[in-house]
Amino acid sequence: MSSIKTPLLTVENLGVRFPIKSNMFFKQKTYLYAVDDVSFEIQRGETLAIVGESGSGKTTAALATARLVTAYSGNITLDNTDMLQIQKEKLRQARTKVQFIFQDPYSSLNPRLRAEEIVKEPLNSLTKFSSKKKQTLVDELFKAVGLRPEQQRLFPHQFSGGQRQRIGIARALATQPELIICDEPVSALDVAVQAQILNLLRELQSKYELTYLFISHDLGVVQHMCDHIAVMYMGKIVEYADRLSLFNSPLHPYTSALLSAIPSVDKKRRENTKRILIPGDPPDPINPPLGCRFANRCPVAQDICFKEEPLLNQIKSGQKVACHLVDKEAKSPLSNLD
Amino acid sequence: MTEPLLSVQNLRIELNTRDGVAPVIDDFSFDLFPGEAISFVGESGCGKSMTALGIMGLLPDGVGKIASGSINFAGEDLATADDKRLRNIRGNEISMIFQEPMTSLNPVYTIGEQIAEVLRAHQGLSRQASWSKAIELLDAVRIPNPQARVSDYPFQMSGGQRQRVMIAIALACEPKILIADEPTTALDVTVQAQIFDLLNDLRKQTGTAIILITHDMGAVAEMAERMIVMYAGRKVEEGPVQQVIDNAGHPYTQGLISCVPHILEKLTTERQTLQEVPGIVPSLRDFGKDQCLFATRCKYVSEKCNNVRPTEIEFESSQTVACWHTERKQ
């Protein structure tokens, strides 16, 4: 490896589309563009969070990264491997490097397998280790995620939600991956248990030098976990920034609205944050509007926003925004609003 | 001081389980004043929803029942009221909105019919009058173009809109109390903000008292004036929201607040250490024991906690705590 920092994962112009039931007579296929021209990269050992409302395409982008859905355009490079070109054995090897932690610990574990078998599954299908080596690994993994050795023989229903998520984490760690995609890893858990899992994820990250792609709609959790954030809206990245820039000086009106919508326990924040209301719902994703996709809900939209699609521009170091109204001075377009 | 609108005294709700009868709500008391917004906070399985169902007379038949205590609503004890009377009160004087706006509406009726049904049942309005009132209500909960949307079916609406319809149904008869059981958990944060604003505005207009059930301290801070923290069927802490957040008396409340990464006014490079509350809520079998039920997860635990149930102590002005170790902070 060269000494220049190369990102572990680079995603360029990724596009994922799903065919919509076509019209029987005209056979004209229409598509839903779930992810549209999305680019991001993650440095080794860092955490990138993708945030956005449901339906914004964050999970689809992550699934495409691990090739669990097929991208129709773009490039994905993971550790110098072109993820979209490789097949069979190569793909199998590449998949040992990227693993998933899923949202719902109740449905993501096979109820008919014992905990140890669940954790062994990726080893069975992706590696050629001997059974002895697999068992040693499983022992280590159980210890690493804070489960007792005697719990290996239990079935998923015998665990609590937090413990199940620990099994899911152990399974994700089994093949010694570099990148772990955490898709809403704590949103199905009780508040008190969330802290246990978040702390575990951070501890494992520093211990094994893991890189996380973290998907969440909970900005409190995101702020705690990530180094960089990509905000998605209707399949596009509208703002991409480091943690401090995004939370302290958001530039895209959607990001500002998202941040202002979070109920906070901090009295000062509640008093000083003006709620930016974005009325209505996102437009129909099958026929996305011309121009900026957020324009119809944006409190400061101008004529140009309805006509031309804004590009993701670097505004200042560490912050990219796709908005016509953000100028070079990096002033939020909402600052003129009172 | 005004009379409370709802006064629950020493409520005990029992559930039949495989291991016998368990008190899911154990000696629980609280007052709700007219126009006030309070919040029940706690993890799942702590009895928040059970209390709400008990007040509404909606406990599952044959499984749960109110064993003792009283629910005093406007001079009437709901704990002993008969089904007919309760049916009259439900949706009329006390209404409830649920967590899942997807499943709490009937998919085969238009939303207009579902709103009008309430008005016909409780206010004896005619078909036509109830229909036009339904349109007014949709307008009041800010559904755009209510004239047209009133004949839509639930599947034609988004999650946020469905929750608005639920609110319209719940507020149709201008109830004195609205119980909102995790009304925004299934919704996106921007939609959640819209729903909270709507509830706050409607509360100002109609003077409806609100009981918000949630586990999100941020939501509590935004919506309620007073909070009641519940653990394993018991009240562990009660007090004015900001006062409790700034100075929680019970270790469980402290845990609930410090285990969540909060967004503060200014973010710094420093990250908050999340305090874990180890373990989980005890199983129903252990509910009702004469001890502090939080003892197994508490770092301050002592001999006494394991043997005697703590009594409620006034901790600071208008803040009560049920813990044997409240003095540790002074």
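Trainee: Where in chain B does Glu182(B) lie?

Mentor: Glu182(B) is in the loop between β7 (177-181) and α7 (189-206) of chain B; helices (H or I, at least four residues) and strands (E, at least two) are DSSP runs, numbered from the N terminus. Residues are numbered from 1 along each chain as its sequence is written, while chains are lettered from A and ligands numbered from 1 in the order in which they are written. The model is predicted, with local features needing pLDDT of at least 70 and side-chain atom pairs counting only at pLDDT 80 or more, whereas totals for chains, interfaces and linings use all residues.

Trainee: What makes Glu182(B) count as partly exposed?

Mentor: A residue is buried if 20 or more other C-beta atoms, placed from the backbone, lie within 10 Å of its own, exposed if 12 or fewer, and partly exposed in between. Glu182(B) has 17 to compare with in Asp27(B), but its own count is 19 C-beta neighbours inside 10 Å, and it is therefore partly exposed.

Trainee: What is said of the phi of Glu182(B)?

Mentor: The phi of Glu182(B) is positive, about 45 degrees, although the residue is not a glycine. Most residues other than glycine have a negative phi. Asp27(B), likewise not a glycine, has a positive phi of about 50 degrees. Asp27(B) is placed in strand β2 (residues 20-32) of chain B.

Trainee: Why are α3(A) and α4(A) called oblique to each other?

Mentor: Angles under 35 degrees count as roughly parallel, over 145 as roughly antiparallel, 65 to 115 as roughly perpendicular and the rest as oblique. Helix α3 (residues 115-126) and helix α4 (residues 131-144) of chain A pack at about 120 degrees, with their axes 10 Å apart; the axes are lines fitted to C-alpha atoms over the stretch in contact, and angles run from 0 to 180 degrees between N-to-C directions. The pair is therefore oblique.

Trainee: Which residues make the contact between α3(A) and α4(A)?

Mentor: Contact requires C-beta atoms, placed from the backbone, to lie within 7 Å. From α3(A) come Glu116(A), Val119(A), Lys120(A) and Leu123(A), and from α4(A) come Lys134(A), Leu137(A), Val138(A) and Leu141(A). By class, 5 are nonpolar, none is polar and 3 are charged (Ala, Val, Leu, Ile, Met, Phe, Trp, Tyr, Cys and Pro are nonpolar, Asp, Glu, Lys and Arg charged, and the others, Gly among them, polar).

Trainee: How do we know that α1(A) is mostly covered?

Mentor: Of the 8 residues of α1(A), 7 are buried. They are Lys58(A), Thr59(A), Thr60(A), Ala61(A), Ala62(A), Ala64(A) and Thr65(A). Helix α1 (residues 58-65) lies across β1, β2 and β4 of chain A, at about 115 degrees to β1(A). α1(A) also lies across β3, β7 (179-183), β8 (211-215) and β9 of chain A, running at about 150 degrees to β8(A).

Trainee: Why is strand β9 of chain A described as largely enclosed?

Mentor: In β9 (residues 228-233), 6 of the 6 residues are buried, so the strand is largely enclosed by the rest of the structure. His228(A), Ala230(A) and Met232(A) cover one side, with Ile229(A), Val231(A) and Tyr233(A) on the other.

Trainee: Which strands does β9(A) pair with, and in what sense?

Mentor: Two strands pair if DSSP finds at least two bridges between them. Strand β3 (residues 47-51) of chain A and β9(A) share 4 bridges in the parallel sense, with Val51(A) and Val231(A) as bridge partners. Strand β10 (residues 236-242) of chain A is joined to β9(A) by 6 bridges and runs antiparallel; here Ile229(A) is partnered with Ala241(A). β9(A) and β10(A) form a hairpin with 2 residues between them, and Met234(A) in the turn has a positive phi of about 50 degrees.

Trainee: What makes β2 and β5 of chain A edge strands?

Mentor: They belong to an open antiparallel sheet of 4 strands in the order β2-β1-β4-β5 of chain A. β2 (30-42) and β5 (81-82) each have a single partner strand, so one side of each is left without a neighbour in the sheet.

Trainee: How many residues of each chain meet between chain A and chain B?

Mentor: 36 residues of chain A are in contact with 38 residues of chain B. On the chain A side, α6(A) supplies the largest share, 7 residues.

Note on methods. Two residues are in contact if their C-beta atoms, placed from the backbone, lie within 7 Å.
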